[in-house]
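Colleague: I would like a close look at a single part of this model. Please keep the answer connected.

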Amino acid sequence: MSKTELDALLKGCTQCGLCREVCIVERLGAHSITSFLCGEEEYSSWLCSSCWRCQEVCPQGVDIHSIMMAKRRQEEPPPGHEAILVNALRFGYALPIENAVNELRRFHGLEPVQLISKQAVETLLEGLEARKAGE
Amino acid sequence: MQTLAVFPGCLVLQRMPQYEKATIRVLRELGICLENIPGAACCGAPLESFTDRWRYLAIYDLALAEQMGRDVVTLCGNCANTLSRAKADMVDPGLRAQVNQALERLGLRFSGVAEIKHLIRLLSEHLDELREKVTRQLPLRVAVTHPCQAIRPSEVMGFDDPLQPEAMRRIVELTGAEVVDYEAEQDCCGSTLYLADEKLGLEAGRRKLSSAGGADVLVDACGNCQLLLERFQGLLRQSGGIEKTAVLTLPQLLGLAMGIDTDDLGIGPATARELIGSSV
């Protein structure tokens, strides 16, 4: 995302700090995207519980979620998120869905999971690769 | 008989078949039949941090449901949120054409007719029928954990009060159980945070769990919440300060009040005995 695009998303933000007040990450003593919005340099866009409270309380209707996603694509992902990307490219799901899953489902009387084809994943996520994903 | 396509999401598929099983069983009492979506993929949520193509996955899933002629019910807040936002974004004709171009190569097309509802929303639309199906009043104190993403952002989800949600409490109250207030009720469980920072995620969970400590049972309706309340509770108990509390998903609790066999709800005998004594 270019600086102009980021500035456009930030338009309206008065740094009132309401977003930071409701952020669970901030209350736990860490610094999320809401610290960035309040003009601070120390924060990680990956430290977020995706609860959407910040955006809900923003009196200016700032699209905090989109700002965070744009920032994430510029920062190194934590290993847990990287692993999800690898799974998604392999199984079409964020978690590995292997034989044991279907055995457990059968035990509970549930139908087996029919996975998406690898070719369909490639069509949908064209150009996406692990480790190069942020580019 | 109404038929809906069920989108359990990866967490429920991989680790929580009991939640899916109880949902199917309880909805059957309401005359609602669930069908799987063969070939479905991730809702797209975890990919949004990497690429704009997360929407392609979400819309692919919706196109599959459309092909089946079904609306969609989700069991996870995260999936409800992502599928709904992707659908809302399709009002952009350029984006919609691009996604449909990719879908065409898979023999699919998105038209936008399939509705997406989280299980809480679906159940909220059937409160009267649910009330009639309750045969046993549960003498339990219940702490509910609201799935954040099923109700926010309100401009897309359009359901319940986004900051003081009530829908889940109303459903639990039908069972005769007492819904207890607790300080961290509106706080996120921390499960999604765990992926980026284990310590922070567990600390969020510890605060939530210790705040809800006075309840007999914790009730959730989301793959992420269920993961935190049940699996991570074990980790937290090892480090001390947390008492063991039973965890049920919303349809499991409803099923108990409907007198459904605990096996059919995926509730283990020990938990069943603890919660409803020898009357099972």
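Predicted model: local features only at pLDDT ≥ 70, side-chain atom pairs only at ≥ 80, totals over all residues.

Modeller: Residues are numbered from 1 along each chain as its sequence is written, while chains are lettered from A and ligands numbered from 1 in the order in which they are written.

Domain 1 of chain B puts 24 residues into the contact, and domain 2 of chain B puts in 23 residues. Two residues are in contact if their C-beta atoms, placed from the backbone, lie within 7 Å.

On the domain 1 side, α1 (10–15), α2 (17–29) and α4 (77–89) of chain B give two or more residues each. Helices are DSSP runs (H or I, at least four residues), numbered from the N terminus. α2(B) gives the most, nine residues. By class, this side of domain 1 of chain B has 12 nonpolar, eight polar and four charged residues. Nonpolar means Ala, Val, Leu, Ile, Met, Phe, Trp, Tyr, Cys and Pro; charged means Asp, Glu, Lys and Arg; the others, Gly among them, are polar.

Now the contact between chains. Chain A brings 47 residues and chain B 46 residues. The largest share of the chain A side, five residues, comes from α7(A). That side has 30 nonpolar, 11 polar and six charged residues.
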